[in-house]
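I record below what I looked up.

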Amino acid sequence: MLIVNFYILIFDNMKKINNKQFSIFTIFGVFAILAVAAIINTFDFSTQKNDVLRKYQFSKFVINKKEIDTVFIGDSSCGNAINANLFDDKTGLNSYNLALTGSFGIESDINMLKHSIKHFPKLQNVIFIHTLNIWGRDFSYTGFFDTLYGFSDLVYYNHLTDNNLVPEYLVYKTNPKEIAWLFGKNKIKNSIDINLDYNGQKTKKFSNGLITLSSIENYDEFNLANHKKLVYNELEKICKQNNLQCFYANGPILENIYTAENAKIDNLIKKINLLNKNIIFIPKVFIYPAKMIGDSEDHIDPNFKDKVTLDYIDILEKYGLKGKE
Amino acid sequence: MLFNSYIFIFVFLPVTFFIYFWLNNKRLTYASKAWMVFASLFFYSWWNIIYLPLILGSILFNFTIGTIISRNNKQQKGISNKSVLIFGISTNLFLLGYFKYMDFFIANVNVALGAHWNLMHIVLPLGISFFTFTQIAYLVDAYRGEVKEMDYLNYTLFVTFFPHLLAGPILHHKEMMPQFDSIKSKIINYRNISAGLFLFSIGLFKKVIIADTFAKWANSGFDNSSMLSFFEAWATSLSYTFQLYFDFSGYTDMALGVALLFNIKLPINFNSPYKALNIQDFWRRWHITLSRFLRDYVYIPLGGNRNGEFRTYANLFTVFLIGGLWHGASWMFVAWGALHGIAIVIHRAWQQMGLTMNKVLAWFITFNFINITWVFFRANEWGDAVKIIKSMFFGSILIDNKFSTLWIFHQNMINVEFGSLVAKIRTETFLLIAASFFFLLMFKNSNELADTFRPYYKNLIFIILLIAFSVAELNAYSKFLYFNF
C-alpha cells in the first residue's frame, strides 16, 4: 500500500512540464549522475572487495620500508602462495607481497612495477606470479585504471589494446555503478586477513572437501591473448631499463586441472617461453593436490602457504635469485 | 563510431548538435549542411578511415548518374535513360558484390571446380549494404522522375546523414531532403528534442541491457556448446530471437531519436514484429524499409503479381532469396531466405484458398517459424544449425535430481538427463525470455510510445534511469549485429 501511495505521490500528481524543461532536466540529470560517479571514483570511496585489497597493498607503498629490495607482483594465486616474511627469513632479502587479484589482469603489473620502482629505491628483484589462465583473459581496463601510475600512461600504453585508453578511462571514471557499489549491499569493510597478508579465504575449500572439481562449471581456457604479449613486452622493457632482475613464475594449480588440461597448459607455457627476453621465465607448473588447495583451484590453503613459499624459493634460487648471507 | 559509446553520446553528439544549430542560428544554412556532412563522414571514418574514399567515390558516382538521368528526363535526348540506369545499378551491385560476395564466390568456385584460388579476405566496409541500397533507390526514383537533386552537398547529406548511415533505415531521397530544406528544421525544437531523447534512451537500454544480455546466452549455445539439452536449445534459439530484435530495433530507436534532435523524422523500421499473425504480416513489421525496398525495386520490377499465380510465387520466392543473400555472403543466409520464401508462398496459397486460422494458433506457428529460421540466420555452419534444431526437438530433457527415482524414467520412455536445473540452465535466462514475451506482446512498442510521448516528470525520471543503467554497462566491444550486413 505504501508503495502504491508513493507511486501516486511521485507520478500521478506530478504536473506536466514543458519540453524545454524536460530536455534540459534530462541532460542535467544524466550529467549529475556521471558527476557523482566521478566524485566517488576520484575520492576512492569504493568499498568492493578488490578495492579493499588494492588499498591494503597500496598502503605498503606509503608505510614504505626503505630497504625493500624484492617485490612479488601478481594475482590471488600469488597472494595465497607467498609468505613474504618467510621468504625474507630464508633468503635474507626484504620483500613485500603486493599481489592483487586476477580481475586486475597482468596489465596492472605494469603499474604496480612502476609504483614499486618509485617507492622502493633499493629494489633489485621483481617476481611476477599469475594463475595460468590469466593469459587468455580480456584486457582489464578497470584493473589498469585502478592502479594507474600516471595519466601520461593512458597515451603511452594505448597500443596495448584495440580500444582507445582515454575514452575507456572516461567510461571508468564516470561509471554510474560506482553509486550502486557505494550504497549497495555488497559493501565490505575489511576482507584482509592480516596473518595471511592477503584476503581471507572462504570456509568452503578443496582441502576440506566442501568444493570439488565438478562444482567448477567453467574455468577459463589456457590461451595466450595478443594484448598479453604486448603487456609482457612492456614489463620486460621496464625491468631492463631499471636494471632489475625480474622473474615470472606460474601460480599454483590444482593437480586434477593439470591432469585434465596438461596439453593445453604445456602448449601455453611453450608460447610464453617464446616471448622471453629480459624476464627470467620459470616454465615449471606448480601442481598441488586437493588437500593443499583452498577456496579456489589456484588458491593454496593457508595451512600450506609456508610449504609452497619454500617450493617457490627453491625454484627461484635455481633460476638465479640470489639471497643475502 | 557506435551509438552505444561514450565518445558518441557525450562528445560527438553534443558537439555536432550545438555547432549545427549555431550555424543555422547565424543563418549559415549551407555551412550547417556542410558541417553535418563533415560530422557524418567523421562518424563513418572513426571505424576505419581507409573506407572514406570508397563512400565518397560511391556518392560522387551515383550523384553523377542521377544528374545525367534527371537532365535526360528534362531534355529527352542523349543516351537512353534506361541504359544509364542499368549502368548505374550494375556498378553499385558490382561494388557491393566485390566487397561482400567475392570471397564467397571464390570459395564456391573452389568447391565446385576443385580449384585452389586464394581467398581475398576483403574486410566488409561498414554500412556498404545500406548506402548502396539507398543510392540504388535514388537512381530508380530519379529514372522515374520522382526526385531530382542537382546539389552535390545536398546529395551527400542525404546519403551520409549519420543516424541512418551504418544500419539504416534505408531511405528515399524524397522523404529526407524536404525536411532538411524546411525552415522549421533549422531552429531548435524542444518538442523534438524531448521525444528524441526519450526514443534514444529506450533504444540504448534495449541494446546495452537487454540485447547484450541475451547475446551472452545465445553465443554460449551457438558457439561454445557441443551438445545441448532440449531446454538449453530452446533457451539458445529464443535468446538469439530476442537479441536480434532488441539489438536492431534498439539501434533503429537510437537512430530515429538522434535524427529527431535535428528535426528529421526517419521512417520506422519495426512495428512489433513478434506480434505478427502470419509471415506476410511479419515482413510488414520487421525491417520495414528493407521490405519496402525489395517490394518497390525488386518484386514490382520482376512483375509483381501481374503475370499470373505461378510467376507471382516465383517472384516472391526470388525476392526472399535476394533478401537472404543481402544479409551476408553465406549459404546459411540463402537457406534462411529460401525458408522465408517458401513460407510466404505457402501463406499466399493459403490466402488464395480462402482458408483462415485461429489467431492464437496463427501467432504460435508464425513465431515459432521465425524463431526456428533465425537459427539458420545465426549459425556459422549448417552443422551448428542442425545441432540446435535437433536438440530443440529431440534433445534430452533435463529433470531435477529429486525426480530421478520415478518409475517412468527407469523405463527409458523419455530421453532424460538428470541434474540440477538451476545449475544447468540459468534461471535469469528464462525470466528474461518470459519478460520479453510479456512486454513485446502486451505493451506498445517504442515508436507508439514516442508518438504519445508527453513531457511528464515520470517520463523524465524514466529516461534518466534508462540512460544511467545503460551507461553503466557501456563498453566498446558490443557492436550492432546489423553492422555485419
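Predicted model: local features only at pLDDT ≥ 70, side-chain atom pairs only at ≥ 80, totals over all residues.

I began with D51(A), which is buried at a relative accessible area of 8%. Buried means under 20% relative accessible area, exposed means over 50%, and partly exposed lies in between (1.4 Å probe, protein chains only).

Residues are numbered from 1 along each chain as its sequence is written, chains are lettered from A and ligands numbered from 1 in the order in which they are written, and side-chain values use heavy atoms, with hydrogens and water left out.

Entry: the partner of D51(A). I found a salt bridge from D51(A) to R54(A), with the closest N and O atoms 3.1 Å apart. A salt bridge here is a side-chain nitrogen of Lys or Arg within 4 Å of a carboxyl oxygen of Asp or Glu. R54(A) is also buried, at 6% relative accessibility. Both residues belong to helix α3 (residues 49–62) of chain A and are 3 residues apart, about one turn of the helix. Helices (H or I, at least four residues) are DSSP runs, numbered from the N terminus. I then found that D44(A) joins D51(A) and R54(A) in a network of salt bridges.

Entry: helix α11 (residues 226–241) of chain A. Here E234(A) and K237(A) lie 3 residues apart, about one turn of the helix, and their side chains form a salt bridge of 3.2 Å, N to O. E234(A) is buried at 2% relative accessibility, whereas K237(A) is partly exposed at 35%.

Entry: helix α12 (residues 255–275) of chain A. I looked up E261(A) and K264(A), again 3 residues apart, whose side chains meet in a salt bridge at 3.5 Å, N to O. E261(A) is buried at 15%, and K264(A) is partly exposed at 37%.

Entry: the total. How many salt bridges does a search of the whole structure find over all chains? I recorded 18.

Entry: R454(B). I located R454(B) in the loop between α20 (446–451) and α21 (457–472) of chain B. R454(B) is partly exposed, at 36% relative accessibility.

Conventions
Helix = DSSP H or I, 4+ residues; strand = E, 2+ residues; numbered from the N terminus.
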